[in-house]
Amino acid sequence: VEKDKKKEVYHLEEAAIGGHLGARYNLGYVEGKSGRHERAMNHYIIAAKLGHDGSLVALKKGFMVGLVSKEDFASALRAHQAAIDAMKSPQRDAVSAALKK
């Protein structure tokens, strides 16, 4: 099966607009591979602020090589933590504990 990159990017963009964090992360990856690092970091910032862990890791790497400012990284880190805290609930904690057994 032949891959159609334009179609792939189109569907990733549609999913990202719809709020899919994995698609936003993948868009960042595609943009980075295409040499559009600033756009890639913007995708990672958006996904990290919404709680995507992989995007936060990619953003940290971007910060370490100078692609992301200290202010942008700190802002994304704070928003990521706030998003993670907002998703916490007693029900999720109970399921997590049950799955670890």
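Author: Two residues are in contact when heavy atoms of theirs lie within 4.5 Å. The model is predicted, with local features needing pLDDT of at least 70 and side-chain atom pairs pLDDT 80 or more, while totals for chains, interfaces and linings use all residues. Residues are numbered from 1 along each chain as its sequence is written, and side-chain values use heavy atoms, without hydrogens and water.

Reader: What pattern does the protein chain follow along the sequence?

Author: Helices (H or I, at least four residues) and strands (E, at least two) are DSSP runs, numbered from the N terminus. The protein chain has six helices and zero strands. Its C-alpha trace spans about 45 × 40 × 25 Å along the principal axes. Read in sequence order, the pattern is α-α-α-α-α-α.

Reader: What percentage of the residues in the protein chain is buried?

Author: Buried means under 20% relative accessible area, exposed means over 50%, and partly exposed is in between (1.4 Å probe, protein chains only). Among contacts between residues at least 6 apart in sequence, 38% join residues at least 24 apart. Of the 101 residues in the protein chain, the buried share is 28%.

Reader: How are H2 and H3 oriented to each other, and why?

Author: Axes are lines fitted to C-alpha atoms, for helices over the stretch in contact, and angles run from 0 to 180 degrees between N-to-C directions. Angles under 35 degrees count as roughly parallel, over 145 as roughly antiparallel, 65 to 115 as roughly perpendicular and the rest as oblique. The axes of H2 (residues 21–33) and H3 (residues 37–49) come within 7 Å and cross at roughly 165°. H2 and H3 are therefore roughly antiparallel.

Reader: How many nonpolar, polar and charged residues are in the contact of H2 with H3?

Author: From H2, Leu21, Arg24, Tyr25, Leu27, Gly28, Tyr29, Glu31 and Gly32 take part, and they meet His37, Arg39, Ala40, His43, Tyr44, Ile46 and Ala47 in H3. Ala, Val, Leu, Ile, Met, Phe, Trp, Tyr, Cys and Pro count as nonpolar, Asp, Glu, Lys and Arg as charged, and the others, Gly among them, as polar. The contact of H2 with H3 divides into eight nonpolar, four polar and three charged.

Reader: Which residues are in contact with Ser55, leaving aside its neighbours within four places in sequence?

Author: Ser55 lies in helix H4. With a relative accessible area of 0%, Ser55 is buried. Beyond those neighbours, its contacts are Tyr25, Tyr44, Ala47 and Ala48.

Reader: Which residues in H5 do those of H4 meet?

Author: The axes of H4 (residues 53–64) and H5 come within 10 Å and cross at roughly 165°, and the two helices are therefore roughly antiparallel. On the H4 side stand Asp53, Leu56, Leu59, Lys60 and Phe63, which meet H5 residues Lys70, Phe73, Ala76, Leu77, His80 and Ile84.

Reader: Is Phe63 buried or partly exposed?

Author: Phe63 is found in helix H4. Not counting residues up to four places away in sequence, Phe63 touches Val68, Ser69, Lys70 and Phe73. At 31% relative accessibility, Phe63 counts as partly exposed.

Reader: With which side chain does the side chain of His80 make a polar contact?

Author: His80 is found in helix H5, residues 70–86, and counts as buried at 7% relative accessibility. Leaving aside neighbours within four places in sequence, His80 is in contact with Ala48, Lys49, Gly51, His52, Asp53 and Leu56. A polar contact is a pair of N or O atoms within 3.5 Å; within protein, one must be able to donate a hydrogen and the other to accept it, and residues adjacent in sequence count only if both atoms are side-chain atoms. At 2.9 Å, the side-chain partner of His80 is Asp53.
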